[in-house]
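Hi,

Here's the model I promised to pass on. Have a look, and my notes follow below.

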Amino acid sequence: MGSLDGKVAIVTGAAQGIGAAIARRLAADNARVVIGDLNLQGSSKVAEECGHGAFALKLDVGDPESVGDFYNEVEAKAGHPDILVNNAAIVPFIAWDEVDFDHWRMIMRVNLDGVFLMCRAGSDRMRIEGTKGRIVNICSNTIFAGTPNMAAYVAAKGGVLGLTRSLATELGGHKITVNAVAPGLTASEGVLDSPHKEAFDFVEMLQAVKGKGTPDDIAPIVAFLASDEAHWITGQTINVDAGMVRW
Ligand code: NAD
Ligand code: 4PL
């Protein structure tokens, strides 16, 4: 704890669920957390719980204008970011026969375009002498399992893995590391509100370590990758799913 003293950490989609746990954990490590979420009411509450100067701004990660405004406001209020956690995403449950191009585009806009837009602007703003930039993208173990009822989602998360690898190469010269964390099924508000909640027993059967995944099981791994100590790891995707998938 305290290892992120003096750092500014952006966490997207942190009004609830895994993002909220990541925001709380980075704040517990003394980072100043900035939450960007569509849900300003929820994210303001989480920012209040975080303390350490945390604040929330309204953000649509899939909208270039919203992303530009967000970074300008972060810069004005807190200076340049040291850490960027791309967590915001839509987690759909939709049969393949219902997947049309509108659904595909809706998922790609947020879950892949959103990560690109946040990385594009964020990485530019981390190229400051002495900044050990850290980007952590939230992926999903569905890319290894081909989980049903989320084809566009799985495809977008596969894109996140690829972008993580290529950005690690592009940004290594600036001492910016880029990694991903791939959670398994996790009891977030979003999942508990969806048919995905019916899958916990099946997923537990596949896990090497038994139990129900919670947002607090994911947050410490993100905090580690965001720390100065993790400087020798980049371009990696760490599966955090109690061993459901061993790859
Ligand atoms: P959630 O649905 O509980 O929360 C998602 C948050 O993202 C919400 O606060 C929502 O307002 C925000 N958001 C959605 N669209 C946005 C946009 N366009 N711009 C800004 N914010 C937006 O989700 P969760 O289950 O906590 O998932 C968080 C991350 O973890 C996602 O990347 C998800 O793909 C990933 N993940 C989740 C699970 C799981 O089982 N819960 C498993 C693997 C990966
Ligand atoms: C194993 O990322 O990783 C359901 C819903 N099951 O969003 C996920 C598993 C879901 C997952 C995910």
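Asn149 counts as partly exposed because its relative accessibility is 25% (buried is under 20% relative accessible area, exposed over 50%, partly exposed in between, with a 1.4 Å probe and protein chains only).

Ala242 also has a positive phi, near 55°. Ala242 lies in the segment after strand 7 (237-240) and is partly exposed at 34%.

On to aromatics: searching the whole structure gives 2 pairs (ring centres of Phe, Tyr or the six-membered ring of Trp within 6.5 Å; planes under 30 degrees apart are stacked, over 60 edge-to-face, the rest tilted). In Phe70 and Tyr71 the ring centres are 5.7 Å apart and the planes at 80°, so this pair is edge-to-face. Both residues, Phe70 and Tyr71, are buried.

One more thing: Asp97 sits in the loop between strand 4 (83-86) and helix 4 (101-126), and is exposed at 72% relative accessible area.

For the bookkeeping, this is a predicted model, where local features need pLDDT of at least 70, side-chain atom pairs count only at pLDDT 80 or more, and totals for chains, interfaces and linings use all residues. Residues are numbered from 1 along each chain as written, chains are lettered from A and ligands numbered from 1 in written order, and side-chain values use heavy atoms, without hydrogens and water.

Cheers

Terms used. Helix = DSSP H or I, 4+ residues; strand = E, 2+ residues; numbered from the N terminus.
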